[in-house]
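This briefing concerns the protein shown below and the ligand placed with it. Please keep the sequence and the structure in view while reading.

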Amino acid sequence: MSSEPIIRTEHITKTYPTGDGGRFRAVDDVSLSFAPGEVTAILGPNGAGKTTFLDIVLGLNTSNTGNLTILGKSPKKAVQHGHVGALLQTGGLLPDLSVKETVQIIAALHHHHVGVDTVMEIAGLTGIASKAVGKCSGGQQQRLKFALALLPKPDVLILDEPTAGMDPAARHEFWDRMNEQAATGTTVLFATHYLEEAEQFARRTVLMHGGRVIADGPTDEVRRHAGSAHVSVTWSPTPTELIGLPCVEAHEVRGNQVLLRTDNADKLAKHLLTTTDAHSLTIRSASLEEAFMQLTTADDQHRAPRATTQMEHTQMETAQKETAR
Ligand SMILES: Nc1ncnc2c1ncn2[C@@H]1O[C@H](COP(=O)(O)OP(=O)(O)OP(=O)(O)O)[C@@H](O)[C@H]1O
């Protein structure tokens, strides 16, 4: 695998007017690069800027500042050359056409494509080729959009909540097919609200919040932000015993249960079982969801104001003048 990034973004910022003369930063100084064959999950709460960022990568939206290239080209050129395929939240399908007719029509729009039957096979649509799109389930329609995205044999696949509305079995099948695609060298970038999808299918996780990237790295490392493990014991400690515990990042006492977040479960467990009355000890790994909650909450608490409105500007100027007097 080449280490040269296939997608390179530098200091991408997108602002929208706030209605009171200020600007709101939907994407705030994002610099990310993606290597060939890399599968990356973009996570973040509602309004984090995931869709805006992906739309900018696709050339459907433009940033106010920053640089973005896909295989050295502008996003629009990269899409025109068939380097990029997308499965987006928006974008309707025609309900009266059959599945195969839909693929055939979109294939006819491409100068070069990998073949209607090939993409139908990869997306698992062969068995429902003659079914009317309007009668397909939500999951089948998503698979159809996936087939359309594969037609130009793209180097990059951008997926915005690709499995929304699919049941767990359909999601699994979808990701099996997507992983096969990534194994052929396709770079996959997907936004999702299902954190277990990021844990299972993405080697790399980018966490966005308020337009900014607040965590980026191997998914396992991002998960470790929540501490490596959670230890639970039956115990009624004295305050001194509780404070004296080694390797504890946070604790919660619920009746005679004590829940401890730790960065060294082995050391803590040994201490609890050999030097205290604690018993019935269980250890469980921290989840990506816990990391997600902790990172976004901490960012909320420490965040500097993101947008300065015109009204705030005026208030600040007035305050400065008054101080100067
Ligand atoms: N055209 C627009 N005009 C004004 N504000 C916009 C526009 N598009 C997006 N926004 C705002 O930008 C912010 C980021 O939106 P975006 O859709 O990128 O978030 P998201 O992370 O994809 O959210 P979700 O998980 O809900 O899909 C939101 O506050 C949204 O209201």
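How do the residues of the shell around the ligand divide into nonpolar, polar and charged? The model is predicted, and in it the shell holds three nonpolar residues, six polar residues and one charged residue.

**Ligand surroundings**
- The shell around the ligand includes Tyr16, Ala26 and Gly44.

- Strand S6 spans residues 84-87 and is covered on both faces.
- Strand S7, residues 156-160, pairs with S6 in the parallel sense, and four bridges join the two strands.
- Within this pairing, leucine 87 stands opposite leucine 159 of S7.

**Overall architecture**
- The protein contains 12 helices and 14 strands.
- Its C-alpha trace spans about 75 × 65 × 40 Å along the principal axes.
- Of the 325 residues in the protein, 38% are buried.
- Considering contacts between residues at least 6 apart in sequence, 69% join residues at least 24 apart.

Definitions and conventions:
Residues are numbered from 1 along each chain as its sequence is written. This is a predicted model: local features need pLDDT of at least 70, side-chain atom pairs count only at pLDDT 80 or more; totals for chains, interfaces and linings use all residues. A residue is buried if 20 or more other C-beta atoms lie within 10 Å of its own, exposed if 12 or fewer, and partly exposed in between; C-beta atoms are placed from the backbone. Two strands pair if DSSP finds at least two bridges between them. A residue is near a molecule or strand if its C-beta atom, placed from the backbone, lies within 6 Å of it. Ala, Val, Leu, Ile, Met, Phe, Trp, Tyr, Cys and Pro count as nonpolar, Asp, Glu, Lys and Arg as charged, and the others, Gly among them, as polar. Two residues are in contact if their C-beta atoms, placed from the backbone, lie within 7 Å.
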